[in-house]
Every structure is written in structure tokens, then in C-alpha cells.
Amino acid sequence: MKELIEAIVKPLVDSPEHVEITELVTENQITYRLSVHKEDVGKVIGKQGRIAKAIRTVVYAAGSNSSKRIQLEIND
């Protein structure tokens with residue numbers, strides 16, 4: 001899943017070397033925290049959050065066969 005998120009996000013940003021994804025696993029949930037350079041946050045979120053929503057949709061669809069709930073957080 002981390003590779004999928006990286007493959008989607010890295011082409012969008014100007015500083016792909018600053019893209020970091022951490023994974024937090026609990027009993028019934030997996031949370032992915034996406035960190036990008038401060039100047040790239042707007043590019044990942046998009047106008048009115050459209051890009052972030054699209055990324056989340058793809059990630060949730062890819063993880064739909066998992067029994068755990070998946071969340072994606074975007075941080076700077």
C-alpha cells in the first residue's frame with residue numbers, strides 16, 4: 001500500500017525526496033501518514049481537496065479486501 005501511495009504522490013510534488021509514509025497498525029485499523037514538503041502540501045491536497053479525495057478513494061479501494069479499516073492522513 002505504501003508503494004501505491006508513493007507512486008501516486010511523487011509525480012505530483014516538486015520535492016519527491018521529501019515524501020514519507022508511515023504506517024500505524026492497530027487492532028482494527030491501518031493509518032497511513034503521508035508527509036510532504038511544506039511547499040508541496042497544496043499540490044497533494046488540490047483545489048477544494050479534490051486530489052486528496054481522489055488519492056483516498058484509490059487507497060480505500062485497494063484496501064477494500066482487507067478486514068481492517070484504512071485511513072490516509074496528509075501532513076506537512
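1. A word on terms to begin: helices (H or I, at least four residues) and strands (E, at least two) are DSSP runs, numbered from the N terminus. With that in hand, please keep in mind that what you see above is a predicted model.

2. Let us start with the overall plan. The protein contains three helices and three strands, and along the sequence they follow the pattern α-β-β-α-α-β. The C-alpha trace spans about 35 × 20 × 20 Å along its principal axes. For 76 residues, a compact globule would have a radius of gyration near 11 Å, and the protein, with 12 Å, agrees with that.

3. Next, the sheet. It is an open one, built from three strands in the order β1-β2-β3, with mixed pairing. Which strands stand at the edges? They are β1 (20-25) and β3 (69-75); each has a single partner strand, so one side of each is left without a neighbour in the sheet. From one strand to the next, the twist averages 20°.

4. On to the pairing of β2 with β3. Strand β2 covers residues 29-35, and seven bridges join it to β3, the two running parallel.

5. Now for the interior. Buried residues make up 30% of the 76 residues. The largest nonpolar core has 17 residues, and those with the most contacts inside it are Ile5, Val9, Tyr32, Leu34, Val36, Val44 and Leu72. Several elements contribute: α1 (2-9), β2, α2, α3 (50-62) and β3 each supply at least two residues of this core.

6. Val36, one of the residues with the most contacts inside the core, deserves a visit of its own. Not counting residues up to four places away in sequence, Val36 touches Val9, Val13, His18, Val19, Val41, Val44, Asn75 and Asp76. For the chain as a whole, among contacts with a separation of 6 or more, 53% are between residues 24 or more positions apart.

7. One of those partners of Val36 is Val41, which is found in helix α2 (residues 41-45). Is Val41 buried or exposed? Its relative accessibility is 17%, and buried means under 20%, so Val41 counts as buried. Leaving aside neighbours within four places in sequence, Val41 is in contact with Val36 and Asp76. Its C-alpha atom is separated by 10.0 Å from that of Ala52, eleven residues apart along the chain.

8. Finally, the outside. The protein exposes about 5000 Å², and carbon and sulfur atoms supply 48% of that area. A residue to look up here is Gln48, in the loop between α2 and α3. Gln48 is exposed, with a relative accessible area of 74%. What is the phi of Gln48? It is positive, at about 55°, although Gln48 is not a glycine. For context, most residues other than glycine have a negative phi.

Methods
Residues are numbered from 1 along each chain as its sequence is written. This is a predicted model: local features need pLDDT of at least 70, side-chain atom pairs count only at pLDDT 80 or more; totals for chains, interfaces and linings use all residues. Side-chain values use heavy atoms; hydrogens and water are left out. Two strands pair if DSSP finds at least two bridges between them. Axes are lines fitted to C-alpha atoms, for helices over the stretch in contact, and angles run from 0 to 180 degrees between N-to-C directions. Buried means under 20% relative accessible area, exposed over 50%, partly exposed in between (1.4 Å probe, protein chains only). Contact means heavy atoms within 4.5 Å. The radius of gyration is taken over C-alpha atoms; the globule rule is 2.2 Å times the number of residues to the power 0.38. Accessible areas come from the Shrake-Rupley method with a 1.4 Å probe; for residues, only the protein chains shown count as cover. A nonpolar core is a set of buried Ala, Val, Leu, Ile, Met, Phe, Trp, Tyr and Cys residues joined through side-chain atoms within 4.5 Å.
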